[in-house]
Amino acid sequence: MKTPELSIIIINFNTFALTSACIESIAAYTKGIDYEVILVDNASQECEPKLFKEKYPWIQLIESTQNLGFAKGNNLGLTQAKGEYILLLNSDTELINEAIPALVEKIRINSKIGALSARLIYPDGRIQPAANRFPSLRLELLELFRLNKLMSAEQRAKTFMGFFFDHLSEREVDWIWGTFFLTRLEVIQKLPNQKLPDDFFMYYEDVQWCYMIKKLGYTIVYDPRYPVIHHLSASSSSQGDAWSRNWKKMLLSTQNEITLLTQEKGKWYVYLLYAIRSLKYLTLRKKRFRQIALFYTQILWNRLDTASLKTLSKLEK
């Protein structure tokens, strides 16, 4: 059997219909490249994981007896990967064009690229901010003193990325979402323990991955030529209302951000970053921004103790 050039790893957690649509879109649009699909089921309870194998006998199915989370689930898939290139693809994505073969060709001819993302869009065509900068004191200060208002739209996009960037041009960025995360097996093999960092169960793992990959001297690239539909947060859509889910995500993301930035920059850097961030949100008018300011203020008051974040449940109302 021919060794595949590309290994596509998908994590499934109670999203049978969406995961099926994702696999079918891969089969429809991924031509001219030898690939394998490795599906890791994270102890789903929606249905028997074997249904995937019955429906798509050509995929590899790994059944985990526990929900490992996103990073550990991908590392489990990597243990079976044979491809020179690795694509981590969310189960709630859907291909609508030849994004995979085109972007594999791009990363193949440019050995400096360590990770690459496609343009991610909602089903209605709206763009998702997948290209971003690492958190920094400089960026927070620019926003606090409204110096970003003095920049041209192009300067703001280049400086801040994220929501300031229209995501319509190719850019070298600091980090990309793990939703469509194309990398090389050789990059992963250079990381500690020859695997993706998997300290975080969910959220912020993609920031950590990009930190590590950039430390190796590779670039992180965003390529908008081929949009990919992303049904955002579908695997957690049934867990409470949208407001509560957003706060839960913020709690987990902040906890992981504190851990990562403390490792990379030191604890005093995080204190200062959050103090500036709190002031920034406090100076904005909307009520929800004042709530976010209170969120960071309480974290500072509790000396970055993430266990104290549980006391903020009243902000979910």
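Select Glu140, Glu143, Glu257, Arg277 and Lys280 to begin, since these residues are linked in a network of salt bridges, a salt bridge being a side-chain nitrogen of Lys or Arg within 4 Å of a carboxyl oxygen of Asp or Glu. This is a predicted model, in which local features need pLDDT of at least 70 and side-chain atom pairs count only at pLDDT 80 or more, while totals for chains, interfaces and linings use all residues. Residues are numbered from 1 along each chain as its sequence is written, and side-chain values use heavy atoms, with hydrogens and water left out.

Glu140 lies in helix H5 and Arg277 in helix H10, so the pair ties together parts that are 137 residues apart in sequence; helices (H or I, at least four residues) and strands (E, at least two) are DSSP runs, numbered from the N terminus. Both Glu140 and Arg277 are buried, where buried means under 20% relative accessible area, exposed over 50%, and partly exposed in between (1.4 Å probe, protein chains only).

Next, select Arg133 and Asp174, which form a salt bridge with an N to O distance of 3.7 Å. Arg133 lies in the loop between strands S7 (131-132) and helix H5 (137-144), and Asp174 in the loop between strand S8 (171-173) and strand S9 (175-176), so this pair ties together parts that are 41 residues apart in sequence. Asp174 is buried at a relative accessible area of 16%, whereas Arg133, at 22% relative accessibility, counts as partly exposed.

Around Leu182, the residues touched include Leu6, Tyr85, Ile107 and Leu116, contact meaning heavy atoms within 4.5 Å.

Finally, colour by pLDDT, the predictor's confidence in each residue, from 0 to 100. The mean pLDDT of the protein is 93, and 92% of its residues reach 70 or more. Over residues 313-317, however, the pLDDT is below 50, although this stretch has eleven contacts in the model beyond near neighbours in sequence. Where pLDDT is low, the predicted coordinates should not be read in detail.

Terms used: Lists of a residue's contacts leave out its neighbours within four places in sequence.
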